[in-house]
Amino acid sequence: MPAWTTQKTETSTAPPYFILPILCLIFLAGTATAGTLLTLPEQNEYGGKTTEITPEAGEPGSESTLKEIVFSNADGRPIRKEIFYNDAFADRHGSNRRIDHFGKTGSAVKREIFYTEKAAGEKRYDREVKEFDESGKKLRNEFFFTERLSEARGFSREIDHYDENEKLTKAEIFNTDRGAAEKGYTLEIRYYDGGDKAVMRERHWTTGYANYNGVIRSRAYLDGNGNTLREEHLHTDNFASEKGYIRSTDFYDDRQKPFKTERFTSDAFPGVRGIARDIVYYDSRGNISKVELFYTDRFRDEKNYDRSVEYYDGGPGPLRTERFMADPHAAGRGISRDIVYYDKNGAAYKIENFHTAKFAVEMGYDRSIEYFGHDGRQSKIERIWTDRSATDKGLTKDVSYLDGKGKVTKLEIFYTDKVSGEKGIVKSLSVLDGSGKKTRMELFYSDKAAAEKNYGKQFVYLDGNGKKTRMETYYTDRTALHKGYERLILYFDKNEKPLKGELFYTKKFARNKGYNKEVELFTDGPKSKIKYYMNNRLVKAPAAEKKRNKPLRSYSGGSPKSAPKKPKQHKKKVTA
């Protein structure tokens with residue numbers, strides 16, 4: 001039976017052909033018989049004679065055969081034999097004609113069987129051609145389907161191929177013109193595992209389909225249940241010149257939805273953007289989630305990277321692109337790969353660089369991040385230091401902020417846990433002027449240090465010579481809650497001696513006490529001038545405030561922890 005049918009076994013309806021070769025041998029050997037033997041005088045297409053054998057009633061074979069025609073070659077060896085059956089035989093066995101083709105050893109290597117209309121209606125094919133090797137093993141079966149089936153199913157012919165064990169390995173199914181127009185392909189080839197399960201399906205597409213979809217031929221690989229695992233497509237030259245790839249492969253999941261497509265270019269069509277091959281990945285909704293690009297040698301030499309990966313979130317453009325540098329470029333710039341991040345308009349706003357091991361040893365950091373503004377200019381550079389550098393330098397990363405001309409305006413440093421434990425500082429930020437000098441330094445303390453010092457950050461302002469002119473201290477929430485003050489500003493002279501201090505209080509404190517700022521002018525004498533303000537308006541403080549502990553006089557240009565002791569003649573008892 002043809003491979004397209006659902007039947008797994010084939011029941012033979014062939015007639016008892018063993019009688020017919022005996023008849024042929026009798027007549028060809030010249031044995032006396034009452035039948036008719038006629039040798040035609042004309043030379044046949046094989047260079048020999050043609051003999052017609054008509055058995056008479058009662059002779060062997062007469063119960064089934066009307067006539068045999070044997071075609072011999074110049075050596076007298078039979079090449080082809082045609083057998084015409086009578087109606088009784090045709091009614092019983094469904095065949096009214098047969099043609100045998102003989103090999104060099106005299107065995108049949110091809111057999112054509114013509115079926116009656118009734119048998120053809122049952123089998124759904126009216127002609128069958130079987131091919132054998134010299135030993136009689138089946139090689140191929142060709143089926144010519146009835147007109148009714150061809151109109152209903154759209155195919156007219158099938159050729160089944162068998163292995164040395166006579167197991168089905170391949171079935172070629174040829175579509176009619178109408179079927180090809182409807183399905184889009186003229187030929188389908190199914191490959192089998194030696195049983196009844198197809199493991200691959202190949203389709204040859206029509207010219208119209210190929211021109212519209214750009215596919216000449218497709219090959220689908222199937223699982224044991226007939227589901228497609230992957231499908232390869234060979235594209236037209238026009239498609240390849242436009243899209244940049246000549247071959248592609250779709251991969252399918254358990255739900256028969258594509259989750260990946262691999263596309264290849266050719267030497268004749270090197271593709272766009274220098275791409276030799278790419279792999280497109282899809283999410284559960286069929287949207288592109290990732291594209292992996294493999295570049296040509298020429299592109300690699302020009303752009304210095306040979307592979308990249310684009311990541312998507314369902315939009316038309318990628319969210320980020322990961323690029324893998326070629327060896328010469330990686331060694332030259334010290335970058336093995338980078339990741340480019342894009343905004344919603346497709347503009348790059350960040351590039352993350354992963355440096356080579358050699359670069360990391362020499363420079364101290366193994367990763368850096370570049371940030372870009374809306375104008376495309378670099379606005380920030382972040383460097384992440386190696387563990388060894390972190391141990392030696394006491395910092396884990398630094399961040400440089402750039403102006404429009406590429407000059408550093410701020411430098412942010414993040415310290416290691418060891419430094420934070422010893423110094424109490426987790427981060428510092430230096431603000432630089434146009435010449436690169438520090439104008440301000442911001443210090444941020446750890447939670448532990450802040451609990452001990454009562455403040456979490458300090459801002460130190462510097463002059464052109466690097467000396468302090470002002471220092472702002474920001475107290476913790478706990479200090480603000482219990483002490484009432486939240487910020488302190490100290491002003492220094494050119495020798496970094498404190499001149500004035502301003503202490504700012506919380507709103508709650510101000511409502512209760514009647515002032516929100518205290519200003520003290522430091523003097524060399526035993527007394528300092530203290531004034532109280534409410535929203536910058538001078539007020540008179542309650543007498544009880546003169547005995548409050550204040551943090552102002554504990555500063556002499558250093559931190560509260562290292563500040564010198566107060567002079568004994570000072571009446572106020574001040575603590576850090």
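Biologist: Where in this predicted model is Lys257 placed?

Modeller: Lys257 sits in the loop that runs between strand E15 (247-252) and strand E16 (258-264).

Biologist: Why is Lys257 called partly exposed?

Modeller: The relative accessibility of Lys257 is 40%. Buried requires a value under 20%, and exposed a value over 50%. The 40% of Lys257 falls in between, so Lys257 counts as partly exposed.

Biologist: Which residues does Lys257 contact, leaving aside its neighbours within four places in sequence?

Modeller: They are Phe251, Tyr252 and Ser284. Ser284 is 27 residues from Lys257 in sequence, and the C-alpha to C-alpha distance between the two is 8.3 Å.

Biologist: Let us turn to Thr50. What makes this residue buried?

Modeller: Thr50 has a relative accessible area of 6%. The term buried applies under 20%, and therefore Thr50 is buried. This residue belongs to strand E2 (residues 47-54). Leaving aside neighbours within four places in sequence, Thr50 is in contact with Leu38, Thr39, Leu40, Asn44, Ile69, Val70 and Phe71.

Biologist: Why is the link between the side chains of Thr50 and Asn44 called a polar contact?

Modeller: The two side chains are joined at 3.3 Å. A polar contact needs a pair of N or O atoms within 3.5 Å, one able to donate a hydrogen and the other to accept it. The value of 3.3 Å lies within that limit, so the term polar contact applies to Thr50 and Asn44.

Biologist: How do you know that strand E1 (residues 36-40) and E2 pair?

Modeller: Pairing requires at least two bridges. E1 and E2 have five bridges, in the antiparallel sense, and therefore they count as paired. Thr36 has Thr54 in E2 as its bridge partner. A hairpin of six residues connects E1 to E2.

Biologist: What makes strand E12 (residues 198-205) a partner of strand E11 (residues 185-192)?

Modeller: Seven antiparallel bridges link E11 and E12, where at least two are needed, so the strands pair. Tyr192 stands opposite Ala198 in E12. The hairpin between E11 and E12 has five residues, and Gly194 in its turn has a positive phi of about 95°. E12 also pairs in the antiparallel sense with strand E13 (residues 215-222), over five bridges; there, Arg203 faces Ser218 in E13.

Biologist: Which residues touch the most other members of the largest nonpolar core?

Modeller: Of its 20 residues, these are Tyr445, Tyr475, Leu490, Leu503, Tyr505 and Tyr515. Among the elements giving two or more residues to this core are strand E28 (438-445) and strand E31 (485-492). E31 provides the largest share, four residues. A second, separate core has eleven residues, including Ile275 and Tyr305.

Technical notes. Residues numbered from 1 in each chain as written. Predicted model: local features only at pLDDT ≥ 70, side-chain atom pairs only at ≥ 80, totals over all residues. Heavy atoms only, no water. Buried < 20%, exposed > 50% of the residue type's maximum accessible area, 1.4 Å probe, protein only. Contact = heavy atoms within 4.5 Å. Core = buried A, V, L, I, M, F, W, Y, C linked by side-chain atoms within 4.5 Å.
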